[in-house]
Amino acid sequence: MLSALRDWTRDSPTTAVLGIARSIIRFVENVIPDPDDHGDTAATLETMRDEHLE
């Protein structure tokens, strides 16, 4: 994935920033599961952050 994103940045810098941001968001949504199985990735990330801070 990182190699593809690097190539995209090199080949089309004007579209790469927005596209890379969207790709990262989709990747995170697919990789980080929701502990309550409601599909809310933001809540999962907040829970992970809070647990890490504790």
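A residue is called buried when its relative accessible area is under 20%, exposed when that value is over 50%, and partly exposed in between, with a 1.4 Å probe and protein chains only.

**View 1. Overview of the predicted chain.** By that definition, 17% of the 54 residues of the chain count as buried. This is a predicted model, in which local features need pLDDT of at least 70 and side-chain atom pairs count only at pLDDT 80 or more, whereas totals for chains, interfaces and linings use all residues. Residues are numbered from 1 along each chain as its sequence is written, and side-chain values use heavy atoms, with hydrogens and water left out. The secondary structure consists of three helices and zero strands, where helices (H or I, at least four residues) and strands (E, at least two) are DSSP runs numbered from the N terminus. Along the sequence these elements give the pattern α-α-α. The accessible surface, computed by the Shrake-Rupley method with a 1.4 Å probe, comes to about 4500 Å² for the chain, and 58% of this area belongs to carbon and sulfur atoms.

**View 2. The packing of helix α1 against helix α2.** Two packed helices are described by the angle between their axes and the distance between the axes. The axes of α1 (residues 2-11) and α2 come within 7 Å and cross at roughly 155 degrees, which makes α1 roughly antiparallel to α2. Here the axes are lines fitted to C-alpha atoms, for helices over the stretch in contact, with angles running from 0 to 180 degrees between N-to-C directions; angles over 145 degrees count as roughly antiparallel, those under 35 as roughly parallel, those from 65 to 115 as roughly perpendicular, and the rest as oblique. From α1, the residues Leu5, Trp8, Thr9, Arg10 and Asp11 meet Pro13, Thr15, Ala16, Gly19, Ile20 and Ser23 of α2, contact meaning heavy atoms within 4.5 Å. By class, this contact of α1 with α2 has five nonpolar, four polar and two charged residues; Ala, Val, Leu, Ile, Met, Phe, Trp, Tyr, Cys and Pro count as nonpolar, Asp, Glu, Lys and Arg as charged, and the others, Gly among them, as polar.

View 3. Ser23 is found in α2, which spans residues 13-31, and counts as buried because its relative accessibility is 17%. When residues up to four places away in sequence are not counted, Ser23 touches Met1, Leu5 and Trp8. Ile25 also has its place in α2, but at 49% relative accessibility Ile25 counts as partly exposed. The C-alpha atoms of Ile25 and Thr41 are separated by 9.7 Å, with the two residues 16 residues apart along the chain.

**View 4. The salt bridges.** Side chains of opposite charge can pair when their charged atoms come close. With a salt bridge defined as a side-chain nitrogen of Lys or Arg within 4 Å of a carboxyl oxygen of Asp or Glu, the count comes to three. Asp7, Arg10 and Asp11 are linked in a network, in which the closest N and O atoms are 3.2 Å apart for Arg10 with Asp7 and 3.1 Å apart for Asp11 with Arg10. Arg10 and Asp7 are three residues apart in helix α1, so they are separated by about one helical turn. Arg10 is exposed at 56%, Asp7 is partly exposed at 26%, and Asp11 is exposed at 55%. Arg49 forms a salt bridge with Asp50, their closest N and O atoms being 3.1 Å apart; Arg49 is partly exposed at 46%, and Asp50 is partly exposed at 35%.
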